[in-house]
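Hi,

Here is the structure I said I would pass on. Have a look at it first, and then read my notes below.

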Amino acid sequence: MQEHDLLATSWTWAGTEPIGERIDAVGAAGFAGLSLSLGDLHEVRATIGFAALRRMLDGAGIVWVQLGPLERWWTCSNHTTDQDADRGVVLEAAATLSAWQVVARADVTLPGVSPSAMVDDWNELAGQAAKVGAQLVLEPEPWSNLPTVERASRFVTAAGHPNGGLLVDVMHALRGGSTLASIREGVAPASLAAVELSDGLLHTPAGMTLAEEAREARHLPGAGAWDVPGFVRTVRDLGFDEPWGVEVRTAAHRAMPIGDALRTAAAATRAVLDAADAFGTPAVPAMPTTPAPTSAVDFEPPAAPPPSDRRRDADSGAPA
(Lines give C-alpha, C1' and ligand atoms only; values in the text may rest on other atoms or scores of the structure.)
Protein backbone atom coordinates (compact mmCIF):
# COMPACT_ATOMS: atom_id res chain seq x y z
CA MET A 1 0.00 0.00 0.00
CA GLN A 2 1.01 3.62 -0.46
CA GLU A 3 2.55 5.73 2.27
CA HIS A 4 0.50 8.78 3.27
CA ASP A 5 1.20 12.01 5.14
CA LEU A 6 -1.20 12.55 8.03
CA LEU A 7 -1.93 15.79 9.87
CA ALA A 8 -3.25 15.74 13.44
CA THR A 9 -5.80 18.51 13.91
CA SER A 10 -5.65 20.46 17.15
CA TRP A 11 -8.41 18.45 18.86
CA THR A 12 -6.79 15.13 17.94
CA TRP A 13 -3.62 15.98 19.89
CA ALA A 14 -5.14 18.24 22.56
CA GLY A 15 -4.17 17.48 26.14
CA THR A 16 -2.89 18.81 29.44
CA GLU A 17 0.72 17.80 28.84
CA PRO A 18 3.32 20.48 27.97
CA ILE A 19 3.20 21.36 24.30
CA GLY A 20 6.65 19.90 23.66
CA GLU A 21 5.58 16.50 24.97
CA ARG A 22 2.44 16.58 22.86
CA ILE A 23 4.37 17.52 19.72
CA ASP A 24 6.80 14.66 20.32
CA ALA A 25 3.82 12.30 20.69
CA VAL A 26 2.40 13.52 17.37
CA GLY A 27 5.65 12.79 15.58
CA ALA A 28 6.18 9.45 17.33
CA ALA A 29 2.71 8.31 16.21
CA GLY A 30 3.69 8.82 12.58
CA PHE A 31 2.03 12.14 11.80
CA ALA A 32 3.89 14.46 9.43
CA GLY A 33 1.78 17.52 10.28
CA LEU A 34 -0.37 19.17 12.90
CA SER A 35 -2.68 22.12 13.35
CA LEU A 36 -2.11 24.60 16.14
CA SER A 37 -5.09 26.22 17.85
CA LEU A 38 -5.26 29.90 18.73
CA GLY A 39 -4.95 28.97 22.40
CA ASP A 40 -1.68 27.14 21.78
CA LEU A 41 -0.38 30.00 19.65
CA HIS A 42 -1.10 32.66 22.26
CA GLU A 43 0.50 30.50 24.97
CA VAL A 44 3.61 29.85 22.90
CA ARG A 45 4.01 33.52 22.02
CA ALA A 46 3.79 34.47 25.71
CA THR A 47 6.27 31.79 26.84
CA ILE A 48 8.83 30.02 24.67
CA GLY A 49 8.31 31.92 21.41
CA PHE A 50 7.68 30.71 17.88
CA ALA A 51 11.34 30.12 17.00
CA ALA A 52 11.62 27.58 19.83
CA LEU A 53 8.35 25.99 18.70
CA ARG A 54 9.74 25.59 15.17
CA ARG A 55 12.74 23.75 16.60
CA MET A 56 10.37 21.42 18.47
CA LEU A 57 8.44 20.74 15.28
CA ASP A 58 11.63 20.01 13.37
CA GLY A 59 12.78 17.63 16.08
CA ALA A 60 9.49 15.72 15.84
CA GLY A 61 9.59 15.52 12.04
CA ILE A 62 6.61 17.85 11.54
CA VAL A 63 6.61 19.42 8.07
CA TRP A 64 2.96 20.43 7.56
CA VAL A 65 1.78 23.21 9.92
CA GLN A 66 -1.77 24.52 9.87
CA LEU A 67 -2.95 27.42 12.06
CA GLY A 68 -6.31 28.63 13.34
CA PRO A 69 -9.18 28.81 12.83
CA LEU A 70 -9.71 32.55 12.67
CA GLU A 71 -13.20 33.85 13.47
CA ARG A 72 -14.94 37.11 12.51
CA TRP A 73 -12.26 38.11 10.06
CA TRP A 74 -14.81 40.14 8.11
CA THR A 75 -16.18 43.62 8.76
CA CYS A 76 -19.13 43.37 11.16
CA SER A 77 -20.64 45.10 14.16
CA ASN A 78 -19.58 42.37 16.62
CA HIS A 79 -15.94 42.32 15.50
CA THR A 80 -13.69 42.82 18.56
CA THR A 81 -10.08 43.61 19.33
CA ASP A 82 -9.68 39.93 20.28
CA GLN A 83 -10.20 38.96 16.64
CA ASP A 84 -7.55 41.52 15.62
CA ALA A 85 -5.16 40.01 18.17
CA ASP A 86 -5.89 36.51 16.86
CA ARG A 87 -5.15 37.57 13.29
CA GLY A 88 -1.90 39.19 14.37
CA VAL A 89 -0.64 36.16 16.30
CA VAL A 90 -1.60 33.76 13.48
CA LEU A 91 0.21 35.79 10.83
CA GLU A 92 3.25 36.22 13.06
CA ALA A 93 3.31 32.50 13.80
CA ALA A 94 2.83 31.61 10.13
CA ALA A 95 5.91 33.60 9.18
CA THR A 96 8.18 32.03 11.81
CA LEU A 97 6.82 28.49 11.60
CA SER A 98 6.75 28.37 7.78
CA ALA A 99 3.08 27.43 8.04
CA TRP A 100 1.36 25.60 5.22
CA GLN A 101 -2.13 27.00 5.80
CA VAL A 102 -4.25 29.39 7.86
CA VAL A 103 -7.84 28.26 8.47
CA ALA A 104 -10.76 30.70 8.56
CA ARG A 105 -14.28 29.83 9.71
CA ALA A 106 -17.46 31.00 8.03
CA ASP A 107 -19.95 33.11 10.02
CA VAL A 108 -21.66 31.01 12.69
CA THR A 109 -23.53 33.88 14.32
CA LEU A 110 -27.25 34.56 13.82
CA PRO A 111 -28.68 35.92 11.64
CA GLY A 112 -25.29 35.89 9.91
CA VAL A 113 -23.73 38.17 7.34
CA SER A 114 -24.29 37.70 3.63
CA PRO A 115 -21.35 35.87 2.04
CA SER A 116 -21.15 38.55 -0.63
CA ALA A 117 -20.31 41.07 2.09
CA MET A 118 -17.28 38.96 3.10
CA VAL A 119 -15.51 38.85 -0.25
CA ASP A 120 -13.34 41.95 0.14
CA ASP A 121 -12.24 40.95 3.64
CA TRP A 122 -11.52 37.41 2.41
CA ASN A 123 -9.29 38.70 -0.35
CA GLU A 124 -7.50 41.03 2.06
CA LEU A 125 -6.82 38.19 4.51
CA ALA A 126 -5.72 35.89 1.68
CA GLY A 127 -3.23 38.53 0.60
CA GLN A 128 -1.90 38.90 4.15
CA ALA A 129 -1.47 35.13 4.44
CA ALA A 130 0.35 35.04 1.11
CA LYS A 131 2.88 37.58 2.38
CA VAL A 132 3.89 35.21 5.18
CA GLY A 133 3.95 32.15 2.92
CA ALA A 134 0.72 30.44 3.99
CA GLN A 135 -2.44 29.61 2.08
CA LEU A 136 -5.80 30.80 3.43
CA VAL A 137 -8.47 28.07 3.53
CA LEU A 138 -12.16 28.41 4.33
CA GLU A 139 -13.87 25.86 6.56
CA PRO A 140 -17.64 25.79 5.93
CA GLU A 141 -19.94 24.36 8.61
CA PRO A 142 -23.59 23.27 8.36
CA TRP A 143 -24.66 25.86 10.95
CA SER A 144 -22.83 28.76 9.24
CA ASN A 145 -23.69 31.20 6.48
CA LEU A 146 -21.84 28.86 4.10
CA PRO A 147 -23.49 25.60 5.17
CA THR A 148 -22.37 23.33 2.32
CA VAL A 149 -19.00 22.62 0.77
CA GLU A 150 -20.50 23.26 -2.67
CA ARG A 151 -21.62 26.76 -1.70
CA ALA A 152 -18.29 27.47 0.00
CA SER A 153 -16.46 26.34 -3.13
CA ARG A 154 -18.50 28.81 -5.17
CA PHE A 155 -17.60 31.56 -2.67
CA VAL A 156 -13.87 30.85 -2.91
CA THR A 157 -14.03 30.59 -6.70
CA ALA A 158 -16.04 33.79 -7.11
CA ALA A 159 -13.76 35.73 -4.74
CA GLY A 160 -10.97 34.85 -7.12
CA HIS A 161 -7.93 35.28 -4.91
CA PRO A 162 -5.15 32.88 -6.02
CA ASN A 163 -4.16 32.25 -2.38
CA GLY A 164 -7.66 31.27 -1.24
CA GLY A 165 -8.80 27.67 -0.93
CA LEU A 166 -11.42 25.36 0.56
CA LEU A 167 -11.15 22.93 3.46
CA VAL A 168 -13.53 19.96 3.09
CA ASP A 169 -14.25 18.25 6.41
CA VAL A 170 -16.06 14.93 5.88
CA MET A 171 -18.37 15.52 8.86
CA HIS A 172 -19.28 19.06 7.85
CA ALA A 173 -19.81 17.95 4.26
CA LEU A 174 -22.07 14.98 4.97
CA ARG A 175 -24.01 16.61 7.80
CA GLY A 176 -24.48 19.63 5.54
CA GLY A 177 -26.40 17.41 3.15
CA SER A 178 -23.70 16.75 0.58
CA THR A 179 -23.26 13.38 -1.07
CA LEU A 180 -20.18 11.97 -2.74
CA ALA A 181 -21.82 12.73 -6.08
CA SER A 182 -22.61 16.34 -5.16
CA ILE A 183 -19.07 16.88 -3.86
CA ARG A 184 -17.68 15.49 -7.09
CA GLU A 185 -19.88 17.77 -9.18
CA GLY A 186 -20.10 20.84 -6.95
CA VAL A 187 -16.59 21.38 -5.60
CA ALA A 188 -14.28 23.10 -8.05
CA PRO A 189 -10.99 21.18 -8.18
CA ALA A 190 -9.01 24.42 -8.17
CA SER A 191 -10.60 25.45 -4.88
CA LEU A 192 -9.92 22.23 -2.94
CA ALA A 193 -6.95 22.79 -0.63
CA ALA A 194 -7.39 20.69 2.54
CA VAL A 195 -9.31 17.63 3.72
CA GLU A 196 -10.18 16.36 7.20
CA LEU A 197 -11.24 12.80 8.00
CA SER A 198 -13.32 11.37 10.82
CA ASP A 199 -16.37 9.12 11.01
CA GLY A 200 -19.80 9.24 12.55
CA LEU A 201 -23.10 7.56 13.18
CA LEU A 202 -25.79 7.25 10.54
CA HIS A 203 -27.70 10.11 12.22
CA THR A 204 -26.77 12.82 14.69
CA PRO A 205 -27.19 11.33 18.19
CA ALA A 206 -30.50 12.17 19.86
CA GLY A 207 -30.28 15.27 22.02
CA MET A 208 -27.23 16.67 20.20
CA THR A 209 -27.09 19.62 17.86
CA LEU A 210 -24.86 19.36 14.80
CA ALA A 211 -22.32 21.62 16.46
CA GLU A 212 -22.30 19.46 19.60
CA GLU A 213 -21.84 16.33 17.49
CA ALA A 214 -18.86 17.95 15.76
CA ARG A 215 -17.31 18.64 19.16
CA GLU A 216 -18.13 15.36 20.90
CA ALA A 217 -18.85 12.58 18.40
CA ARG A 218 -16.14 12.54 15.75
CA HIS A 219 -15.22 8.87 15.69
CA LEU A 220 -12.09 7.22 14.35
CA PRO A 221 -12.10 6.97 10.54
CA GLY A 222 -13.54 3.59 9.63
CA ALA A 223 -15.32 3.15 12.98
CA GLY A 224 -18.65 4.69 11.96
CA ALA A 225 -21.35 4.45 9.30
CA TRP A 226 -19.89 6.70 6.59
CA ASP A 227 -18.21 5.65 3.37
CA VAL A 228 -14.93 7.31 4.26
CA PRO A 229 -12.89 5.35 1.65
CA GLY A 230 -15.38 6.54 -0.96
CA PHE A 231 -14.99 10.12 0.28
CA VAL A 232 -11.22 9.78 0.02
CA ARG A 233 -11.48 8.56 -3.56
CA THR A 234 -13.86 11.42 -4.39
CA VAL A 235 -11.58 14.21 -3.17
CA ARG A 236 -8.58 12.46 -4.66
CA ASP A 237 -10.34 12.43 -8.04
CA LEU A 238 -10.80 16.17 -7.61
CA GLY A 239 -7.03 16.51 -7.33
CA PHE A 240 -6.36 16.54 -3.59
CA ASP A 241 -3.11 14.90 -2.55
CA GLU A 242 -1.78 14.98 1.01
CA PRO A 243 -1.70 15.60 3.87
CA TRP A 244 -4.84 13.94 5.22
CA GLY A 245 -6.16 15.80 8.25
CA VAL A 246 -7.36 13.58 11.10
CA GLU A 247 -9.92 15.00 13.52
CA VAL A 248 -11.10 12.69 16.28
CA ARG A 249 -13.19 14.02 19.17
CA THR A 250 -14.80 11.51 21.50
CA ALA A 251 -14.74 11.02 25.26
CA ALA A 252 -13.01 7.68 24.77
CA HIS A 253 -10.28 9.26 22.66
CA ARG A 254 -9.67 12.01 25.22
CA ALA A 255 -9.49 9.47 28.05
CA MET A 256 -6.58 7.60 26.45
CA PRO A 257 -2.94 8.52 27.12
CA ILE A 258 -2.00 10.92 24.36
CA GLY A 259 0.54 8.60 22.75
CA ASP A 260 -1.97 5.75 22.57
CA ALA A 261 -4.70 8.05 21.30
CA LEU A 262 -2.51 9.37 18.49
CA ARG A 263 -1.23 5.95 17.44
CA THR A 264 -4.80 4.65 17.35
CA ALA A 265 -5.98 7.60 15.25
CA ALA A 266 -3.06 7.20 12.82
CA ALA A 267 -3.58 3.45 12.43
CA ALA A 268 -7.32 3.82 11.86
CA THR A 269 -6.80 6.52 9.25
CA ARG A 270 -4.13 4.55 7.41
CA ALA A 271 -6.49 1.56 7.26
CA VAL A 272 -9.14 3.74 5.59
CA LEU A 273 -6.61 5.16 3.15
CA ASP A 274 -5.40 1.63 2.35
CA ALA A 275 -9.01 0.65 1.62
CA ALA A 276 -9.35 3.64 -0.72
CA ASP A 277 -6.06 2.75 -2.42
CA ALA A 278 -7.24 -0.83 -2.97
CA PHE A 279 -10.40 0.22 -4.81
CA GLY A 280 -10.43 -1.32 -8.27
CA THR A 281 -7.51 -3.65 -7.64
CA PRO A 282 -7.89 -7.43 -7.81
CA ALA A 283 -9.61 -8.87 -4.78
CA VAL A 284 -7.42 -10.54 -2.19
CA PRO A 285 -8.12 -14.30 -2.12
CA ALA A 286 -10.39 -15.31 0.71
CA MET A 287 -8.11 -18.25 1.47
CA PRO A 288 -4.40 -18.83 0.78
CA THR A 289 -3.73 -20.39 -2.60
CA THR A 290 -0.71 -22.34 -1.33
CA PRO A 291 -0.35 -24.42 1.81
CA ALA A 292 1.01 -22.51 4.77
CA PRO A 293 4.46 -23.68 5.85
CA THR A 294 4.48 -25.99 8.85
CA SER A 295 6.50 -24.65 11.73
CA ALA A 296 8.82 -26.67 13.91
CA VAL A 297 6.54 -25.96 16.84
CA ASP A 298 3.46 -27.77 15.51
CA PHE A 299 5.19 -30.35 13.28
CA GLU A 300 4.67 -33.97 14.24
CA PRO A 301 6.19 -36.76 12.09
CA PRO A 302 3.72 -39.42 10.99
CA ALA A 303 3.51 -42.39 13.29
CA ALA A 304 5.60 -45.35 12.19
CA PRO A 305 3.53 -48.29 10.96
CA PRO A 306 3.40 -51.32 13.25
CA PRO A 307 6.10 -54.00 12.64
CA SER A 308 3.68 -56.37 10.89
CA ASP A 309 2.86 -53.67 8.32
CA ARG A 310 6.56 -53.02 7.68
CA ARG A 311 7.13 -56.74 7.00
CA ARG A 312 4.27 -56.84 4.51
CA ASP A 313 5.68 -53.75 2.76
CA ALA A 314 9.12 -55.39 2.57
CA ASP A 315 7.69 -58.65 1.19
CA SER A 316 5.77 -56.76 -1.49
CA GLY A 317 8.78 -54.70 -2.49
CA ALA A 318 7.08 -51.47 -1.45
CA PRO A 319 9.17 -48.92 0.47
CA ALA A 320 8.84 -49.34 4.24
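**Strand 3 and its proline**

Proline 69 sits in strand 3. Most residues other than glycine have a negative phi, and most peptide bonds are trans. Keep in mind while you read that this is a predicted model.

**The chain as a whole**

The protein chain has 13 helices and eight strands. It runs to 320 residues, of which 47% count as buried. If you take the contacts between residues at least 6 apart in sequence, 81% of them join residues at least 24 apart.

**The cores**

In soluble globular proteins, nonpolar side chains tend to be buried together. Here, the largest nonpolar core has 76 residues. Phe31, Leu36, Leu67 and Leu97 are the ones with the most contacts inside that core. Helix 12 (residues 258-277) gives the largest share of the core, seven residues. Apart from this core lies another one, of seven residues, with Trp100, Val103, Val137 and Ala193 among them.

What does leucine 97 touch, once its neighbours within four places in sequence are left aside? The list is Leu36, Leu41, Phe50, Leu53, Arg54, Leu57, Val65 and Leu67.

**Helix 3 and what it packs on**

Several of those partners turn up again in helix 3 (residues 50-59). Phe50, Ala52, Leu53, Arg54 and Leu57 are the buried residues of helix 3. These buried residues pack against helix 1, strand 2 (33-36), helix 2 (38-46), strand 3 (64-70) and helix 4 (81-97). An α-helix has 3.6 residues a turn, so residues three or four places apart point the same way. With that in mind, look at Leu53 and Leu57, both buried in helix 3. Just after helix 3, glycine 61 takes a positive phi of about 80 degrees.

How do helix 1 and helix 3 lie, parallel or antiparallel to each other? The axes of helix 1 (residues 19-28) and helix 3 come within 9 Å and cross at roughly 30 degrees. Angles under 35 degrees count as roughly parallel, and helix 1 and helix 3 are therefore roughly parallel to each other. Their crossing is right-handed. On the helix 1 side the contact is made by Ile19, Gly20 and Ile23, and on the helix 3 side by Leu53, Met56 and Leu57. By class, that makes five nonpolar residues, one polar and no charged ones.

**Helix 10 against helix 12**

Val228, Pro229, Val232, Arg233 and Arg236 of helix 10 meet Val272, Leu273, Ala275, Ala276 and Asp277 of helix 12. Sorted by class, the residues in this contact are seven nonpolar, no polar and three charged.

**Some backbone spots to check**

Is glutamate 242 buried or exposed? At 16% relative accessibility, glutamate 242 counts as buried.

Serine 98 lies in the loop between helix 4 and strand 4 (101-105). With a relative accessibility of 52%, serine 98 counts as exposed.

Finally, find threonine 148, in the loop between strand 5 (135-139) and helix 6 (149-159). Its relative accessible area is 19%. Buried means under 20%, so threonine 148 is buried. Which residues does threonine 148 touch, not counting those up to four places away in sequence? They are Pro140, Gly176 and Ser178. Glycine 176 is 28 residues from threonine 148 along the chain, yet their C-alpha atoms are separated by 5.3 Å.

Cheers

Note on methods. Residues numbered from 1 in each chain as written. Predicted model: local features only at pLDDT ≥ 70, side-chain atom pairs only at ≥ 80, totals over all residues. Heavy atoms only, no water. Axes fitted to C-alpha atoms, helices over the stretch in contact; angles between N-to-C directions. Helix = DSSP H or I, 4+ residues; strand = E, 2+ residues; numbered from the N terminus. Parallel < 35°, antiparallel > 145°, perpendicular 65-115°, else oblique. Left-handed = near helix turned anticlockwise from the far one by under 90°. Contact = heavy atoms within 4.5 Å. Nonpolar A, V, L, I, M, F, W, Y, C, P; charged D, E, K, R; others polar. Core = buried A, V, L, I, M, F, W, Y, C linked by side-chain atoms within 4.5 Å. Buried < 20%, exposed > 50% of the residue type's maximum accessible area, 1.4 Å probe, protein only.
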